Amino acid sequence: MIKSYALRGRMSHAQESSYKNQAKYRLPYSESPVPLQELFQNTGPVICEIGFGMGKVTAAIAGENPDKNYLGIEVFKAGIGRLLWEIEKCSLHNIRVIEHDAVEVLQFMIPDQTIAAFHIFFPDPWPKRRQNKRRLIQRPFTDLLVQKLIPNGYIYMVSDCGDYADWALRELSETKNLYNAYEKFSPPQHWRPETKFEAKARAKNNSVRELFFRKAETSITAP
Ligand SMILES: C[S@@+](CC[C@H](N)C(=O)[O-])C[C@H]1O[C@@H](n2cnc3c(N)ncnc32)[C@H](O)[C@@H]1O
């Protein structure tokens, strides 16, 4: 399977100790569906973030929204350690983390129509033409995202790579049962805190583009 990531980095001592001590917030990868209400011990909406990096934004959003549940999927161990450290430091109880490729996690672990939203902030851009096939946001993966969303659930993606943003706009626009909540790119969603990648992009005067799509209320078509 083509991977949308390259494994990198090592954990610091603090990250390693949070990784071990906060194991209850880590969910091991398995090929069986996860009962999400049982996982979070409530019936609140579940927002899934793919590729949270160091997890600072995940922790900030989760801290601001204690009535919502956040499921983070990442392959970067140091980032997972860092988010678990934030969970410990800020006593966050509404985050769970899965350390595995998001494509397989969605395929095997996430039941259909259970996710209220997907957050995908600054996915690896894979800018060279020959690398484009590694981009996460493309069909049929976007079909899988729609399959997992509840009706009216949303996909919110942000990128500082103009070519990827245009590519994602096309891929998402062509995905069945999904519609753009705005005309083309979305205005900035002010509730989203700035990430390290965003600060770097802005320092280089690279434009940051946001995409906000919603799943249609119903997929039943008229006869
Ligand atoms: C460029 S970083 C952005 C991190 C973070 N969202 C931010 O804005 O700071 C992209 C992250 O996505 C993760 N990633 C890429 N493909 C993934 C996949 N298929 N499953 C899980 N994580 C993935 C990478 O490990 C990396 O940490």
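Which elements do the buried residues of α6 pack against? Before I answer, please keep in mind that this is a predicted model, in which local features need pLDDT of at least 70 and side-chain atom pairs count only at pLDDT 80 or more, while totals for chains, interfaces and linings use all residues. Residues are numbered from 1 along each chain as its sequence is written.

Helix α6 covers residues 141-148, and its buried residues (20 or more other C-beta atoms within 10 Å of their own, with C-beta atoms placed from the backbone) are Thr142, Leu145, Val146 and Lys148. Seen down the axis of α6, these fall within an arc of 165 degrees, taken over the directions from the helix axis to the C-beta atoms, so they line one face of the helix. They pack, with contact meaning C-beta atoms within 7 Å, against α5 (102-109), β5 (115-121), β6 (149-159), α7 (162-173), β7 (178-180) and β8 (209-215).

Strands pair here if DSSP finds at least two bridges between them; β6 and β8 run antiparallel and are joined by 6 bridges, with Ser159 having Arg209 as its bridge partner. β7 also pairs with β8 in the antiparallel sense, over 3 bridges, and there the partner of Asn180 is Phe213.

Key:
A residue is buried if 20 or more other C-beta atoms lie within 10 Å of its own, exposed if 12 or fewer, and partly exposed in between; C-beta atoms are placed from the backbone. Helices (H or I, at least four residues) and strands (E, at least two) are DSSP runs, numbered from the N terminus. Two residues are in contact if their C-beta atoms, placed from the backbone, lie within 7 Å.
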